Amino acid sequence: MPDLRNVVIIGSGPAGLTAAIYSARADLEPLMIEGEPSSTSDQPGGQLMLTTEVENFPGFPDGIMGPELMGSFRDQALRFGAEIQTAKVSRVDLSERPFKVWVGDPDAAEPTYLARTVIVATGASALMLGLESERRLLGHGLSTCATCDGFFFRNQDIVVVGGGDSALEEAMFLTRFGKSVTVVHRRKELRASKIMQDRAFANDKITFLWDTVVDDIIGEDRVEAVRLRNVLTDEVVDRPAAGVFVAIGHRPNTDLFVGQLPLKENGYLLTQDGTSRTAVEGVFACGDVQDDWYRQAITAAGSGCMAAIDAERWLESQGH
Ligand code: NAP
């Protein structure tokens, strides 16, 4: 018979770990299934595992390394008795309660766990260009978050890749720090909204390179330049840059829930009325998997707290 748990948390970024801390302190004996090492990270723990220094997480006036911060979250969850399993959830069945959660073979007849509540905290992944050099340089001059890392590029030359609202928003933010900001876009028309385009065009520090793709990011242990190719002429140039921000979109990690939980038009999980409740009673969502707007570690942590409290009150209302 599979183990019946009060709370199963799927995902281990700031949202999942905060949900684990709160539900462990509420004596709900949560199980967090934290994921596994992936092609971009040697450890689970979400996007902060891919960053270097974090300077905007309150409580750390001198900054803290992303993996260290996540390690502290994890220790705090363990201290209060959360159980953490390093594995990937392969399937869920949310059609009836208790919910069913599989780890390992998704076709196994028996689920691995039964859960009275499920907290979904699977996060989102920044889309990357798919270059070998990205893995080496992420967190070393290559970033996917200007709010997080822009500060490190004071008076430096910065390149932003992308042509949507995110790319322009990042570019404008980065003009506060950089000596120059170059937006590299693969076409001649931007996808971004008109108002963002007008603002970016009016900003003297921003230059656009059209019909251009990044073929490589150059540098052994720090970004030194980008290799750019004009897709119309095939001309290749190396452009020196200390910072490269890839802003070509995010993908929420919702594959497990398609057909079981309603998604917004843009693929993010739908939560209700400013809470962590999903359309399925007893299933809660927090962090970037349901947040296409703020996407910060601190907002993810806050929403993880909300999910744990929502789950606790829901369990109570069910007499558990
Ligand atoms: P997006 O709108 O999907 O734009 C992605 C951009 O990256 C596009 O210009 C796309 O080029 C380019 N791109 C995609 N894959 C690429 C690749 N492999 N190589 C090079 N370029 C690539 O994503 P987003 O900018 O993150 O925005 C997501 C949503 O959030 C949008 O609805 C946006 O309006 C919203 N948003 C709004 C604001 C705001 O209003 N302040 C700020 C941020 C985001 P193509 O154009 O050629 O496809």
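Asp-211 turns out to be buried in this predicted model, at a relative accessible area of 13% (buried means under 20%, exposed over 50% and partly exposed in between, using a 1.4 Å probe and protein chains only). Asp-211 sits in the loop between strand E13 (206-209) and strand E14 (212-218); helices (H or I, at least four residues) and strands (E, at least two) are DSSP runs, numbered from the N terminus. Although Asp-211 is not a glycine, its phi is positive, at about 50°.

Asp-234 also deserves a look. Its phi is near 65°, again a positive value in a residue other than glycine, and its place is in the loop between strand E15 (225-230) and strand E16 (236-240). Another loop, the one between strand E6 (89-93) and strand E7 (99-103), holds Pro-98. The peptide bond joining Arg-97 and Pro-98 is cis, with omega at about -5°.

Then there is Thr-182, in strand E12 (residues 180-184). With neighbours within four places in sequence left aside, Thr-182 is in contact with Ile-158, Val-159, Val-160, Thr-207, Leu-209 and Arg-239, where contact means heavy atoms within 4.5 Å.

Zooming out, the protein chain has seven helices and 19 strands. Its radius of gyration is 21 Å, close to the 20 Å that the globule rule gives for 320 residues, so the chain is as compact as a globular protein of that length (the radius is taken over C-alpha atoms, and the rule is 2.2 Å times the number of residues to the power 0.38). Along the principal axes, the C-alpha atoms fill a box of roughly 65 × 40 × 35 Å. Of the 320 residues, 49% count as buried. As for contacts between residues at least 6 apart in sequence, 60% of them join residues at least 24 apart.

A word on the bookkeeping: residues are numbered from 1 along each chain as its sequence is written, and side-chain values use heavy atoms, with hydrogens and water left out. Since the model is predicted, local features need pLDDT of at least 70 and side-chain atom pairs count only at pLDDT 80 or more, while totals for chains, interfaces and linings use all residues.
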